[in-house]
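This briefing gathers computed features of the structure shown below. Please keep the sequence and the 3D view at hand while reading.

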Amino acid sequence: MKSSSSGLLTSIGSFLSRLSDKLVLLSAILLFISVIVMTALVFSRYLFKYSFPWAEELTRYLIVYMALLTAATVTYEREHITVNYFFDHLPRLLRYVLRLFFDICIFATMLIWIFVGFDTALFMEYMWSSGLGISMMWPYFAIPLSGIIMSIFLIRNFLQDLKHPDRYGNKDLDLQVKE
Amino acid sequence: MTLGVFLLVFLAFLFLGMPVGFSMLISGFLYLLFSGDFMNLMMMPEKVFGGINVFVLTAIPFFMLAGDIMNRAGISDRLIQFSNIVIGRVRGGLAQVNVLASILFAGITGVALGDIAALGTIFIPSMEKQGYDKEFSAGVTAASSLVGPIIPPSTVIVLYAAVMKVSVGGMFLGAIIPGLLIGVADMGVVAAISSYRKYPKVVVKTTPKEFMFSLKDAFLAMLMPVIIIAGILSGMFTPTEAAAVSVFYSLIIGFIVYRSLKWKDLLASLKGAARSSAKLYLIIAGASVITWVFGAEQVPKVAENFFLSITTSKILLVLLVNAFFLFMGTWMDPGVSIILFAPILWPIAAKMGLNEIQFGIMLIINTNIGLCTPPVGNILFAITDLAKVDLFKVSKEVLPFLAFNLLIVLATGFIPELTLWLPRLFGIEV
């Protein structure tokens, strides 16, 4: 029973790790497309005297998706910009409790983020973007989508923090701090 | 929720180690939740989306990408070789080469950490081999990397321009003189220390052919900021288009001219740029909520009254504002300081008679100093980790360089021509 549950956890863990990798790959592709669109816009303007009316909008939306999807991966990797100084000097138990508290706070915020994000995206359904002519629901959809993925990653982070009081992601806390 | 409670919650989250972007989002959420008007909370996605869906900001991942591609294409080695031919023969030559390479490298990268990764691994071991103290080698590498975010292109300049709605071209031009001044000051410090400590003087043998090859490499690197700035100023490109063209240029250099770039390098650069910009975008998202709260609570007015209640003297106000940013810069990333505090303190700066470009460059150089100071200096940590040296000893070596940076910050605040002469020369109304 125990081995099957730990097997399940391992496969969930490897699924999340692959999901995180694929998200960064997708973001890399989105970034590359936006570079191509912008460069093509410049060339087309000077060679053919024609500007794509949708280029600026498409680039903005691609970068928004890239940023929000990768932000979820960076959350998974625990690499977001943080002021660590005081945290690193706190007693071990307090650090443990704080990390769990932060995981819960961020998770709760993400739930609200998903709810209000969906609400706003649906509200935008019948508004149309001027360049691409698409429903504004799609650009706004990046917010709840990133919220959902981030929440899944946050559950994993919480469980990992709960299980390993001395570790923060891949970093061993007590290697950095002398108590 | 009052402003005081909001600030307390935000600062507690921030300094207790919650990621900066989440600290902003959560304290903003709490403020709106307790404001009693549920509609405010429903408007939050719009605010966040509006904050990150800004065309100028899309230049940031592009600039990050271009710098990284150039680096992977091997530009740093070539810039070092050129710098060595130019200045390697003086006393403390290799340390001077380190500074000159950083200045040239700043023209292709927009961040300081890129410089450390690209140049630190090469310089620190080779300087040590020539007889330089390891701490000094690490210190020079760290201090000279600070020109990276100042000499254009620069991601933090784009960020400031987006937040304050200032011309990116004007900011890029305005940053050139202070950036070069920092480079020259670094070289002066290196010369003084090298002559005091009798650091080595080596013979650099080069043939005219080698020099011409090296000059070509340096020219190709220097062409990138020229294309960016000239393109923006001539109205050929928007800043974002210029950034995309710089990526295109770096791909031509990497794949066609040097033939050293591989597809897997490009993929790694794309992933790296996506990661780095996502970190920044989360903070921009959080800041769009925070600035909304600040606006509702009239924080810029409160700050203005606070500073003006202390003094109305322009000199003291410039010193006070700089002291504030210097303090904040030691704790947080320059980008975070700029997003959070530049709009708040701008009204005071305007009252002091500062121009938006001048104010921006002053803040950027100022907050950059914090990258090299304890307790939270990213560059300092990166270099001590890379060189395996004592943080305190490196801090001591960096100190003379930082003192000159600080002088340049103050000069920027008091002498508008340093930042405004070039933009005016190119017809930008400032």
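The contact between the chains involves 58 residues from chain A and 54 residues from chain B, where contact means heavy atoms within 4.5 Å. This is a predicted model, in which local features need pLDDT of at least 70 and side-chain atom pairs count only at pLDDT 80 or more, while totals for chains, interfaces and linings use all residues. Residues are numbered from 1 along each chain as its sequence is written, chains are lettered from A and ligands numbered from 1 in the order in which they are written, and side-chain values use heavy atoms, with hydrogens and water left out.

**Interface**

- The size of an interface is often given as the accessible area lost when the parts come together.
- Chain A and chain B bury about 5200 Å² between them, and 82% of this lies on carbon and sulfur atoms; buried area is the accessible area (1.4 Å probe) that two parts lose on being put together, summed over both.
- On the chain A side, Ile81(A), Val83(A) and Phe102(A) lose the most area to chain B, together 13% of what that side buries.

**Helix α2 of chain A**

- Helices are DSSP runs of H or I with at least four residues, numbered from the N terminus.
- The end C-alpha atoms of α2(A) are 32 Å apart, which agrees with the 33 Å that its 23 residues should span at 1.5 Å a residue; the expected span is 1.5 Å times one less than the number of residues.
- Of the 23 residues of α2(A), 20 are buried, a term that means under 20% relative accessible area, with exposed meaning over 50% and partly exposed in between (1.4 Å probe, protein chains only).
- Thr70(A) belongs to helix α2 of chain A and is buried, at a relative accessible area of 0%.
- Leaving aside residues up to four places away in sequence, Thr70(A) touches Ser27(A), Ala274(B), Arg275(B) and Ala278(B).
- The side chains of Thr70(A) and Ser27(A) make a polar contact at 2.7 Å; such a contact is a pair of N or O atoms within 3.5 Å, where within protein one must be able to donate a hydrogen and the other to accept it, and residues adjacent in sequence count only if both atoms are side-chain atoms.

**Helix α15 of chain B**

- The twelve residues of α15(B) reach 17 Å from first C-alpha to last, close to the 16 Å expected at 1.5 Å a residue.
- Val299(B), Ala303(B), Glu304(B) and Phe307(B) are buried in α15(B).
- Seen down the axis of α15(B), its buried residues fall within an arc of 135°, so they line one face of the helix; the arc is that of the directions from the helix axis to the C-beta atoms.
- The cover over the buried residues of α15(B) includes α1, α14, α16 and α17 of chain B.

**Backbone in the loops**

- Lys49(A), in the loop between α1 and α2 of chain A, has a positive phi near 55° without being a glycine, and is exposed at 72% relative accessible area.
- Gln298(B), in the loop between α14 and α15 of chain B, has a positive phi of about 55° although it is not a glycine, and is exposed at 53%.
- The peptide bond from Pro152(B) to Pro153(B) is cis, with omega near 0°, and Pro153(B) sits in the loop between α9 and α10 of chain B.

**Cysteines**

- The whole structure holds zero disulfides over all chains, a disulfide being a pair of cysteine sulfur atoms within 2.5 Å.
- Cys105(A) is buried at 14% relative accessible area, and Cys372(B) is buried at 1%.

Terms used
Helix = DSSP H or I, 4+ residues; strand = E, 2+ residues; numbered from the N terminus.
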